Every structure is written in C-alpha cells, then in structure tokens.
Amino acid sequence: MSGNKVGVVLMGMLVLELVEFTAVSSGLSFCNMNDDGITACKPSVTQPNPVEPSTSCCEALSGADLQCLCSYRNSFLLPSLGIDPALALALPTKCNLTSPPNC
C-alpha cells in the first residue's frame, strides 16, 4: 500500500512541475500540494543521488490528497520531469504516513 501512496505523490509532483514549466503561477495547488511542497520533495525523488525526505516534504505530503495524486501514477510526466516513480512510491513510508490510498 505504501508504494501506491508514493506513486500518487509522484504523479502530483509531476503535474505540478509540468505546470511550473508552462509558466503557471507559483501559488497553484494540485491535489492539496502546492509548489513549495513539490519543490521540497523533489530532491528525494530525483536520481542519481536522492536524499531522505525533509520535514517540509513530509509535511506537504501529509496534507496532500493522495487519492487525487493516485490518478497520475502511471503518467509519462513523472520521468519527463526527472522524478523517479519508484522513489516517489517510497516517500509515504519514509515520512511515516499511514492510510495510503487504494490506487
């Protein structure tokens, strides 16, 4: 179940990054995760040297609508933004989050 949660988070991150790339305002919120949350988590889901998620990342992830993000789980957008789906799927566990979505 934790893998599903991370996939949801990664998809959300990907969509937010895509929106940033298209020059949408930085105040945008996607699945209850804003640009700051996406930015905080990106170092933890990017190869080749991912880092442990920061407190800011975990806080953003805990407030995200993981079920909403789940709908982006298999999107091609994540890899195109440099987000490793496997690393993203691991974030909820690394942040000690419970109740992963049923993706």
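A disulfide is taken here as a pair of cysteine sulfur atoms within 2.5 Å. The model is predicted, and local features need pLDDT of at least 70, side-chain atom pairs count only at pLDDT 80 or more, while totals for chains, interfaces and linings use all residues. Residues are numbered from 1 along each chain as its sequence is written, and side-chain values use heavy atoms, with hydrogens and water left out.

**Exercise 1.** Find how many disulfides the rule gives, and describe the link of C41 and C57.

*Solution.* C41 belongs to helix α2 (residues 35–41) and C57 to helix α3 (residues 55–63), so the pair ties together parts that are 16 residues apart in sequence; helices here are DSSP runs of H or I with at least four residues, numbered from the N terminus. As for burial (under 20% relative accessible area, with a 1.4 Å probe and protein chains only), C41 counts as buried at 0%, and C57 likewise counts as buried at 0%.

**Exercise 2.** Determine the handedness of the link of C58 and C95, and state whether C58 is buried or exposed.

*Solution.* The disulfide joining C58 to C95 has an S to S distance of 2.0 Å, and with -75° about the S-S bond it is left-handed. This pair links distant parts of the chain, since C58 sits in helix α3 and C95 in the segment after α6 (85–94), 37 residues apart. C58 is buried, its relative accessible area being 16%, and C95 is buried as well, at 10%.

Notes. Helix = DSSP H or I, 4+ residues; strand = E, 2+ residues; numbered from the N terminus. Buried < 20%, exposed > 50% of the residue type's maximum accessible area, 1.4 Å probe, protein only.
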